[in-house]
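Hi everyone, thanks for coming along. I'd like to walk you through one model today, so let me put it up on the screen.

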Amino acid sequence: MNQRKEAGRSFFYPLCFLPFVLCSCVAIYGWNIHAPGLLSDEFARDIPQVSKRVALYIPEGQKEFVSKDKGTFWSDPQTYYVGEAFVPMLIESFQNGFTEFVLMEALPNPEIMSQYAIDAVVVSEIRGFKNRKTLPAQGLDVYTETTVFNRDLKLIRRFETRGTSEAKGTFAKKGGLEVNLNAAIEGSLRETVLQVQEALR
Amino acid sequence: MNQAPGTRNQVVATFFFLVLGSWCLVPCRANEVLNAREITMPPSGAQVMVRENSKTGTPYVVITDSQNPRTDLASLDSNKYRRPDYRMLEKNVTAKDVGYDGPYSSKKKIYILAATLAAAGATAAVVGPALFPAAAATGAAGGSVAVPAAAAAVGGSALAVAAKKYQDHFQNLPDDYSRESESKIIETETDFYKMFVEKKADKPFQS
């Protein structure tokens with residue numbers, strides 16, 4: 001009888017401490033996902049380059065866009081640094097998509113547009129991020145909203161895009177999560193550049 | 001060598017004709033017109049510079065405001081990686097197969113977590129009975145077995161429901177991998193100032 005009590009005690013204390021240990025450890029040891037932030041070779045191959053002088057204005061705060069959507073309640077904590085990869089990829093996609101690309105850091109106005117003979121200014125923002133996760137697979141969705149303005153800053157087109165990448169076994173592969181995020185961002189940018197090209201045609 | 005006085009007069013006359021003639025040909029309000037053109041183009045305060053893409057090194061033109069420079073865009077992540085190859089998300093293709101050298105979440109931290117749990121558990125087993133002898137006796141009597149069992153049962157069912165949500169969708173992925181992109185035009189009437197200057201404060205950036 002005494003032996004059973006002893007055995008019970010030895011299990012009881014670890015179990016009492018377990019929730020606290022788990023809570024602190026998952027916060028420290030969660031998954032931090034940083035995408036490479038580069039477009040694949042397919043992008044330059046698939047998207048034609050259009051002869052236009054186009055400016056891109058990126059609103060403040062895009063680089064800091066972070067999502068903690070872990071998919072399911074029981075999943076490990078995950079932090080997706082979406083904005084950190086989105087901004088350099090957005091710049092690169094416009095460099096590829098247009099012969100004359102200008103990054104507009106100053107707030108655009110009609111004087112600047114006519115002074116530098118810029119055909120259009122494009123404003124692109126991340127609107128959302130979704131993690132559809134199951135035990136064997138993961139699907140990531142990146143939502144963006146883009147607005148195209150003419151030289152007088154009047155609206156030409158406004159649209160939203162969704163880029164999706166779904167794969168099995170991403171958590172098991174080295175770099176699987178990161179590349180999956182990169183693919184979702186690229187999917188959204190692919191559609192963005194095509195829409196802008198069509199709007200300016 | 002003396003020059004004839006008639007020739008000198010001809011040179012002087014030609015000089016005056018050219019100078020005065022050209023002055024007469026220019027419209028008398030030309031200066032005002034040129035100045036007026038400058039006035040219609042007010043100084044924008046913009047400054048043109050060339051910057052390199054932090055990842056690829058490809059240069060591009062930047063129009064910046066010297067009064068309010070954008071520090072967030074000037075300091076982008078500059079780690080250089082090979083371009084990603086999405087074939088590595090396909091079935092039976094690993095990062096090594098495509099030469100992936102980008103960032104990754106290390107599995108080491110999972111082992112660190114396991115070691116931390118084990119160490120904490122062992123410490124608690126030694127220190128715990130000394131601190132709470134009464135609780136030990138009660139807990140050992142029965143509660144210790146019943147609570148984790150109930151938690152496991154509840155957790156298991158919730159996990160099953162959550163997993164079922166997307167299970168059927170992922171079941172039919174070709175080559176274990178799929179990519180899609182789509183867009184939708186938003187019908188609206190607006191301009192730049194309404195969208196990005198007036199309502200600047202309303203924009204959420206955290207999902």
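Let's start with the largest nonpolar core, which has 62 residues; among these, Leu56(A), Val82(A), Phe86(A), Met104(A), Val121(A), Leu181(A) and Ile185(A) touch the most other members. By nonpolar core I mean a set of buried Ala, Val, Leu, Ile, Met, Phe, Trp, Tyr and Cys residues joined through C-beta atoms within 7 Å. Buried, in turn, means that 20 or more other C-beta atoms lie within 10 Å of the residue's own, while exposed means 12 or fewer and partly exposed is in between, with C-beta atoms placed from the backbone. The biggest contribution to this core, nine residues, comes from helix α5 (residues 176-200) of chain A. Helices (H or I, at least four residues) and strands (E, at least two) are DSSP runs, numbered from the N terminus.

A word on the ground rules. This is a predicted model, where local features need pLDDT of at least 70 and side-chain atom pairs count only at pLDDT 80 or more, while totals for chains, interfaces and linings use all residues. Residues are numbered from 1 along each chain as its sequence is written, and chains are lettered from A and ligands numbered from 1 in the order in which they are written.

What is Ile185(A) in contact with, leaving aside neighbours within four places in sequence? The partners are Ala35(A), Ala85(A), Phe86(A), Met89(A), Val142(A) and Gly163(A), a contact being two C-beta atoms, placed from the backbone, within 7 Å.

Next, helix α3 (residues 82-97) of chain A: 14 of its 16 residues are buried, so the helix is largely enclosed by the rest of the structure. Strand β4 (residues 98-104) of chain A is also largely enclosed, because five of its seven residues are buried.

Now for the strand pairing, which needs at least two DSSP bridges between two strands. Strand β2 (residues 50-57) of chain A pairs with β4(A) in the parallel sense over six bridges, and Ala55(A) stands opposite Val102(A). β4(A) also pairs, again parallel, with strand β2 (residues 59-65) of chain B, over three bridges. There, Val102(A) has Val61(B) as its bridge partner.

Finally, how confident is the predictor in chain B? Its pLDDT, the per-residue confidence from 0 to 100, averages 70. Within chain B, β2(B) has the highest confidence, at 94, and helix α2 (residues 30-40) the lowest, at a mean of 40. For the complex, the ipTM is 0.82 and the pTM 0.72.
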